[in-house]
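Trainee: I would like to learn how to read a protein model step by step. Could we take one together and go through its features in turn?

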Amino acid sequence: MNFGLDAKAEAPPELRALIWDVDGTLAETERDGHRVAFNEVFAEFGLGWHWDVDEYGRLLAVTGGRERIRAYARERGAECAPELVEHLHRRKNALYARIVQRGFIELRPGVQRLLREARDLGLRQAIATTTSRANVEVLLSACLGPEADTLFVTKVCGEDVRAKKPDPEVYRRVLSELQLDAASCVAVEDSEAGLYAASAAGIACIVTRGIYTDRAALARCPHRPIAVVESLDGGDGQSALLVEHLQALHHAAPLRARS
Ligand code: XBP
Ligand code: MG
């Protein structure tokens, strides 16, 4: 038996990339962005629907805006033809873009700092999101301006996959575009669906808890995050998350989380 070789095979790989979720992770886009835009469009179309803050939290269990409209209509026994869903969703995204461009949404604390630190230390960074490329671009341009182009090497969005989170497809696509193994990456997510998607792709995941993070759903998730933080800038007795912490967490991530 060659102990040396076995030890080498077991050695955790170096952290090479950081993969970011968008909604709820980069920014609290849901409550004051998407939700508000959905309600505006429901009013415009005279549907008599309104998603309050708590109701929207419940509805987030369905990932994808179109899918969420469809599920809600079904729940109410309402007719909602596919063309109407398309119209509502397209208009919602136009209204969302306006909200973001007017500066109502900011990056969450610590996001810009960690993005810059990771870039400056040579980590590659990517986006893995359920939302559309247009929504991602509008958010990045409003919150980061041209610097966004220096931060992300690839973005895989809702329209690029057949199955949205919790399906791991979006993460698998990111890995293939980065040409990296799952074991060389860490994902940053805010939801159970995101944690599941990253983990099912074999990627160790950090959860940054936000307004809509469902603690009970996280606890029920069959996959465990390598860390849960209140914010990337610390708080609640935690210190700010630095790349060196990510490297240590990644290094200590259980081998079974890596495939
Ligand atoms: C969150 C989602 C999205 C947004 C709305 O995506 O589930 O559906 O709520 O965006 P993530 P769309 O956390 O993966 O970024 O209306 O474009 O789907
Ligand atoms: Mg999210």
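Mentor: Gladly, and please keep in mind that this is a predicted model. Let us begin with a pair of strands: strand 2, which covers residues 124–128, runs parallel to strand 3, and three bridges join the two.

Trainee: Which residue of strand 3 is the bridge partner of Ala126?

Mentor: The general idea is that the strands of a sheet pair through backbone hydrogen bonds, and that they do so either parallel or antiparallel. In this case the partner of Ala126 is Thr154, which belongs to strand 3.

Trainee: In what order do the strands form the sheet?

Mentor: Six strands make up an open sheet with parallel pairing, and their order is 3-2-1-4-5-6. The edges are strand 3, at 154–156, and strand 6, at 227–229, each of which pairs on one side only. If you ignore direction, neighbouring strands of this sheet are turned against each other by 20 degrees on average.

Trainee: Which strands does helix 11 lie across?

Mentor: Helix 11, residues 243–252, lies across strand 1, strand 4, strand 5 and strand 6, and its direction makes an angle of about 110 degrees with strand 4.

Trainee: Now the ligand: how many residues surround ligand 1, and which are the closest?

Mentor: Ligand 1 is surrounded by 18 residues, of which the closest are Glu30, Gly65, Lys92, Thr129 and Thr131. To read such a site, look also at the distances between polar atoms. An oxygen atom of ligand 1 lies 2.9 Å from a backbone N or O atom of Asp23, while a side-chain N or O atom of Arg68 is 2.8 Å from an oxygen atom of the ligand. For His89, a polar side-chain atom is found 2.7 Å from a ligand oxygen atom. On its own, ligand 1 has 450 Å² of accessible area, and the protein covers 95% of that area.

Trainee: Is His34 buried or exposed?

Mentor: A residue is called buried when its relative accessible area is under 20%. His34, found in helix 2, counts as buried because its relative accessibility is 3%. Apart from neighbours within four places in sequence, His34 is in contact with Asp23, Thr29, Tyr56, Lys92, Tyr96, Thr131 and Asn135.

Trainee: And is Glu106 buried or exposed?

Mentor: The word exposed needs a relative accessible area over 50%, and Glu106, at 64%, therefore counts as exposed. Glu106 sits in the loop between helix 5 and helix 6. Once neighbours within four places in sequence are set aside, its contacts are Leu26, Ala27, Glu28 and Cys143. The C-alpha atoms of Glu106 and Thr29 are 8.4 Å apart, although 77 residues separate them along the chain.

Trainee: Finally, what should I look for in the backbone of the loops?

Mentor: Look at the peptide bonds and the phi angles. Lys165 and Pro166 are joined by a cis peptide bond with omega at about 15 degrees, and Pro166 lies in the loop between strand 3 and helix 8. Gln179, in the loop between helix 8 and strand 4, has a positive phi of about 55 degrees although it is not a glycine.

How values were computed. Residues are numbered from 1 along each chain as its sequence is written. Chains are lettered from A and ligands numbered from 1 in the order in which they are written. This is a predicted model: local features need pLDDT of at least 70, side-chain atom pairs count only at pLDDT 80 or more; totals for chains, interfaces and linings use all residues. Side-chain values use heavy atoms; hydrogens and water are left out. Two strands pair if DSSP finds at least two bridges between them. Helices (H or I, at least four residues) and strands (E, at least two) are DSSP runs, numbered from the N terminus. Axes are lines fitted to C-alpha atoms, for helices over the stretch in contact, and angles run from 0 to 180 degrees between N-to-C directions. Contact means heavy atoms within 4.5 Å. A residue is near a molecule or strand if one of its heavy atoms lies within 4 Å of it. A polar contact is a pair of N or O atoms within 3.5 Å; within protein, one must be able to donate a hydrogen and the other to accept it, and residues adjacent in sequence count only if both atoms are side-chain atoms. Accessible areas come from the Shrake-Rupley method with a 1.4 Å probe; for residues, only the protein chains shown count as cover. Buried means under 20% relative accessible area, exposed over 50%, partly exposed in between (1.4 Å probe, protein chains only).
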